[in-house]
Structures are given as structure tokens and as C-alpha cells.
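Morning, everyone. I have one structure to show, and I'll keep it short. Please take a look first.

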Amino acid sequence: QVQLVESGGGLVQAGGSLRLSCAASGRTFSTNAYTMGWFRQAPGKEREFVATISWSGGSTYYADSVKGRFTISRDNAKNTVYLQMDSLKPEDTAVYYCAARRAIGTALRTRSDEYGYWGQGTQVTVSS
């Protein structure tokens with residue numbers, strides 16, 4: 001089993017920055033490779049893909065809406081994945097979720113149904 005705990009959300013003005021963290025734990029997480037992803041869900045909307053990173057950290061992929069503003073990274077020694085969010089916009093307001101799935105090579109995944117493990121989410125609110 002894998003447990004994921006997000007932190008770092010909060011209230012920020014438009015143009016500001018936040019860094020989200022996702023701490024992973026569990027016996028299998030330490031002994032297997034996991035592809036990690038960030039998703040978000042705004043009120044009344046479907047959960048949407050934000051970013052994903054391969055188990056080694058060598059490959060990343062972003063949604064067009066955040067490309068150039070958000071950066072996903074990971075520190076495998078700390079079992080932690082980060083999402084650096086810069087130039088935030090009010091439309092970035094959402095609950096942000098961390099997700100994990102067993103890695104298959106370096107393939108990246110952008111669909112929520114491809115991930116088997118989820119955190120509880122952290123609220124990000126961007127004021128105009």
C-alpha cells in the first residue's frame with residue numbers, strides 16, 4: 001500500500017507562488033518505482049490533469065494551462081514530490097491532489113483513472 005499526504009496549499013494573490021509537497025510512504029513505495037502526478041479539481045468541475053513525472057525524475061509532462069508556470073520535481077531520497085507554482089492565476093484555484101501508480105518504464109500518465117493511489121488534497125486559492 002501507498003499513502004500520500006499533500007501540504008503547502010493556501011491563499012495567494014494573483015501573480016504569486018506556492019510550492020506543494022506530496023510525501024509518500026508505505027512498504028511498497030520504498031521498493032518499487034512509481035510514476036507521480038498532480039491533478040486538480042475546481043468546484044463544479046471535473047478533476048483535471050496538471051503534471052506528471054517519471055520514477056527517475058528524468059521525464060515530465062504538463063497540461064497546456066500550466067506549462068511554463070508550474071514545475072514538477074521529486075526527491076526520491078525523501079519520497080517526496082513537489083509542484084512549484086509560479087505566476088498563479090485565479091483560474092488555478094482548486095483542490096490539488098497528488099497521485100501515484102506503479103511505473104512501467106518511463107511512460108507518463110495523464111488520466112486520473114490510470115493512478116491507483118491518491119492523497120486527500122490541499123486547497124489552493126488565488127485571489128484576483
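A disulfide here is a pair of cysteine sulfur atoms within 2.5 Å. Searching the whole structure turns up 1 disulfide. Before the details, a word on the source. This is a predicted model, where local features need pLDDT of at least 70, side-chain atom pairs count only at pLDDT 80 or more, and totals for chains, interfaces and linings use all residues. Residues are numbered from 1 along each chain as its sequence is written, and side-chain values use heavy atoms, with hydrogens and water left out.

Which cysteines form the disulfide? They are Cys-22 and Cys-98, with sulfur atoms 2.1 Å apart. Cys-22 sits in strand β3 (residues 18-25) and Cys-98 in strand β9 (residues 94-102), so the bond ties together parts 76 residues apart in sequence. Strands are DSSP runs of E, at least two residues, numbered from the N terminus. The S-S torsion is about -75°, so this disulfide is left-handed.

Buried or exposed? Buried means under 20% relative accessible area, exposed over 50%, partly exposed in between (1.4 Å probe, protein chains only). Cys-22 is buried, at 0%. Cys-98 is buried too, at 0%.

Now the sheet. Two strands pair if DSSP finds at least two bridges between them. An open sheet of 4 strands runs in the order β1-β3-β8-β7, with antiparallel pairing. β1 (3-7) and β7 (70-75) are at the edges with a single partner strand each, so one side of each has no neighbour in the sheet.

β7 pairs with β8 (residues 80-85) over 6 bridges, antiparallel. There, Ile-72 stands opposite Leu-83 in β8.
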